Amino acid sequence: MLTPTIEQLKQSDVPVIVTDHEGIVVDINIHFVNVFGWTAQEIIGQPLTLILPPFFHDSHNLGFARFSATGQATVLNHPLNLKAVTKAHQEIESEHFIIAEKQEGRWLFAATLRPLEMA
C-alpha cells in the first residue's frame with residue numbers, strides 16, 4: 001500500500017492536522033474543526049503539543065527530536081491508538097495515522113485523528 005500524501009489526507013473524511021518541521025501547526029481540515037473545536041485561526045501557529053495530553057509531551061518531543069536528527073521514526077505510516085485533546089480540554093481516544101513528507105527541503109507531518117467512538 002502506498003503512503004497517502006498530505007493533500008490526500010486533508011481531503012479525507014476524518015480530522016487531519018499538519019505541522020511543520022518544528023512541530024508548529026500549519027493546517028487542519030474542516031473535520032478537525034468539527035471534532036476538536038479549534039478553528040484554523042485559533043490553532044495554526046500553535047505547537048502540536050496543544051492537542052496532546054500533558055503525559056505525552058515528553059515522549060512526543062523526544063520522538064520529534066530523534067526524527068529531526070536521524071530521519072528515523074517508529075510512529076509513521078501505521079495506525080496508533082492515542083489520545084488527543086479538544087479545545088474544551090476533553091481527551092478523545094483516537095486512531096492516529098501519521099505521515100512525513102518532504103516539501104521544498106523541509107519535513108511536514110500530517111496525522112489523521114479518527115475518534116474511536118466514531119470509527
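Ser-94 is buried, with a relative accessible area of 0% (buried means under 20%, with a 1.4 Å probe and protein chains only). The model is predicted, so local features need pLDDT of at least 70 and side-chain atom pairs pLDDT 80 or more, while totals for chains, interfaces and linings use all residues. Residues are numbered from 1 along each chain as its sequence is written, and side-chain values use heavy atoms, without hydrogens and water.

Ser-94 belongs to strand β4 (strands are DSSP runs of E of at least two residues, helices runs of H or I of at least four, numbered from the N terminus). Its side chain makes a polar contact of 2.8 Å with that of His-96 (N or O atoms within 3.5 Å, one able to donate a hydrogen and the other to accept it). Beyond four places in sequence, Ser-94 touches residues including Leu-80, Leu-82, Leu-113 and Arg-114 (heavy atoms within 4.5 Å).

β4 pairs with β5 in the antiparallel sense over ten bridges (pairing requires at least two DSSP bridges), and Glu-95 has Arg-114 as its bridge partner in β5. The two strands form a hairpin with two residues between them, and Glu-104 in the turn has a positive phi of about 50 degrees. β5 also runs antiparallel to β1, joined by four bridges, with Ala-110 the partner of Val-18. Seven of the ten residues of β5 are buried.

Technical notes:
Buried < 20%, exposed > 50% of the residue type's maximum accessible area, 1.4 Å probe, protein only.
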